[in-house]
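Let's take a walk through this structure together, one stop at a time. Have the sequence and the 3D view ready as you read.

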Amino acid sequence: MGHGDLMSRAEDVADQFLRVTKHYLPHVARLCLVSTFLEDGVRMWFQWAEQSEYINATWSCGHFLANVFVFINLLGQLGGCVLILSRNFVQHACCGLFAVIALQTVAYSILWDLKFLMRNLALGGGLLLLLAECRSEARSVFAGVPSLGCQSSPKHLLQLGGRVLLVLMFMTLLHLDLSLLTVLQNLVGTALMVLVAVGFKTKLAALTLVFWLFCINVTFNAFWNVPAHRPVHDFLKYDFFQTTSVIGGLLLVVALGPGGVSMDEKKKEW
């Protein structure tokens with residue numbers, strides 16, 4: 001079997017998966033995407049005192065402002081998740097979650113930690129894809145209205161931005177190790193990241209990354225195997241749900257396609 005035949009068969013498998021799951025894949029994608037915000041919002045509720053004390057100790061802002069910070073995070077995240085999952089005011093909910101990401105990036109000094117910053121940007125990429133999906137649904141209401149078909153429309157630009165930001169998550173998984181297995185993983189992972197970013201063989205590449213990231217997540221971020229009193233438990237739990245959110249973003253790429261600003265779309269013109 002030649003390389004072309006193998007690639008064609010793999011694309012057929014991806015298309016078959018999409019046909020079978022097209023009715024519930026977007027729902028699963030949204031649930032995965034907001035999972036880290038749900039978990040963090042619930043954590044804010046149960047660790048209110050600890051979070052408030054940390055913010056006050058770090059910024060010397062006083063207990064009142066520290067409590068306001070925790071309240072905004074809790075309400076913004078849980079409220080935004082409810083709106084997104086119920087598909088009400090999705091654009092407003094996404095803007096609220098963007099604000100929460102920005103607020104936490106500053107408050108927890110994530111701006112100076114490249115790994116956490118890239119992961120937060122990847123979360124933002126998932127929200128951009130959610131906004132693109134929202135625009136698709138709005139346009140379907142006016143399906144009979146002629147469209148200009150501009151490839152640089154806001155929806156397509158949102159999809160491009162979402163794809164590019166999503167792959168930042170995988171850059172945090174690359175390891176500077178010269179062992180054969182690690183080098184192979186880095187090469188394959190980098191190739192898949194580039195394919196998703198430029199929008200070439202996008203659905204197949206995104207599905208492969210979903211499978212790869214899922215395996216990494218349940219293997220290395222298994223927080224349920226660590227006692228809750230150990231600090232590493234919270235770190236693994238944080239990584240697990242952030243990774244799950246990126247999986248949700250990749251599933252949206254599979255469900256929506258790469259958009260107009262992609263090599264897959266350009267191939268149709270050739």
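Start with helix H5, which has 18 residues and reaches 25 Å from its first C-alpha to its last, close to the 26 Å expected at 1.5 Å a residue. That expected span is 1.5 Å times one less than the number of residues in the helix. Helices here (H or I, at least four residues) are DSSP runs, numbered from the N terminus, as are strands (E, at least two).

Before going further, a word on what you're looking at: this is a predicted model, in which local features need pLDDT of at least 70 and side-chain atom pairs count only at pLDDT 80 or more, while totals for chains, interfaces and linings use all residues. Residues are numbered from 1 along each chain as its sequence is written, and side-chain values use heavy atoms, with hydrogens and water left out.

Back to H5. Its buried residues are Val90, Ala93, Cys94, Leu97, Val100, Ile101, Gln104, Thr105 and Ala107. Buried means under 20% relative accessible area, exposed means over 50%, and partly exposed is in between (1.4 Å probe, protein chains only). Just after H5 comes Ser109, with a positive phi of about 55°.

Leaving out residues up to four places away in sequence, Ile84 touches Arg30, Val34, Val90, Ala93, Cys94, Leu97 and Leu130; contact here means heavy atoms within 4.5 Å. Which residues touch the most other members of the largest nonpolar core? They are Ile84 and Phe170, in a core of 49 residues. A second, separate core has seven residues, including Met44, Ile55, Leu74 and Ala107. For both, a nonpolar core is a set of buried Ala, Val, Leu, Ile, Met, Phe, Trp, Tyr and Cys residues joined through side-chain atoms within 4.5 Å.

Side chains of opposite charge can pair when their charged atoms come close. A salt bridge is counted when a side-chain nitrogen of Lys or Arg is within 4 Å of a carboxyl oxygen of Asp or Glu, and by this rule there are four salt bridges. Arg30 makes one of them with Glu133, with 2.7 Å between the closest N and O atoms. This pair links distant parts of the chain, since Arg30 sits in helix H2 (residues 25-46) and Glu133 in helix H6, 103 residues apart. Both Arg30 and Glu133 are buried.

An α-helix has 3.6 residues a turn, so residues three or four places apart point the same way. Asp40 is buried, with a relative accessible area of 6%, whereas Arg43, at 22%, is partly exposed.

Asp239 and Arg119 also form a salt bridge, at 2.9 Å from N to O. Asp239 lies in helix H11 and Arg119 in helix H6, so this pair ties together parts that are 120 residues apart in sequence. Asp239 is buried at 14% relative accessible area, and Arg119 is buried at 4%.

Now for the rings. The whole structure holds nine aromatic pairs, where rings of Phe, Tyr and Trp (its six-membered ring) pair if their centres lie within 6.5 Å; planes under 30 degrees apart count as stacked, over 60 as edge-to-face and the rest as tilted. One of the pairs is Phe69 with Tyr108, edge-to-face at 5.8 Å centre to centre and 70° between the planes. Phe69 lies in helix H4 (residues 63-86) and Tyr108 in the loop between H5 (90-107) and H6 (114-141), so the pair ties together parts that are 39 residues apart in sequence. Phe69 is buried, with a relative accessible area of 8%.

Phe223 and Phe240 make another edge-to-face pair, 5.5 Å centre to centre with 70° between the planes. Ring pairs link Phe223, Trp224, Phe240 and Phe241 into a cluster.
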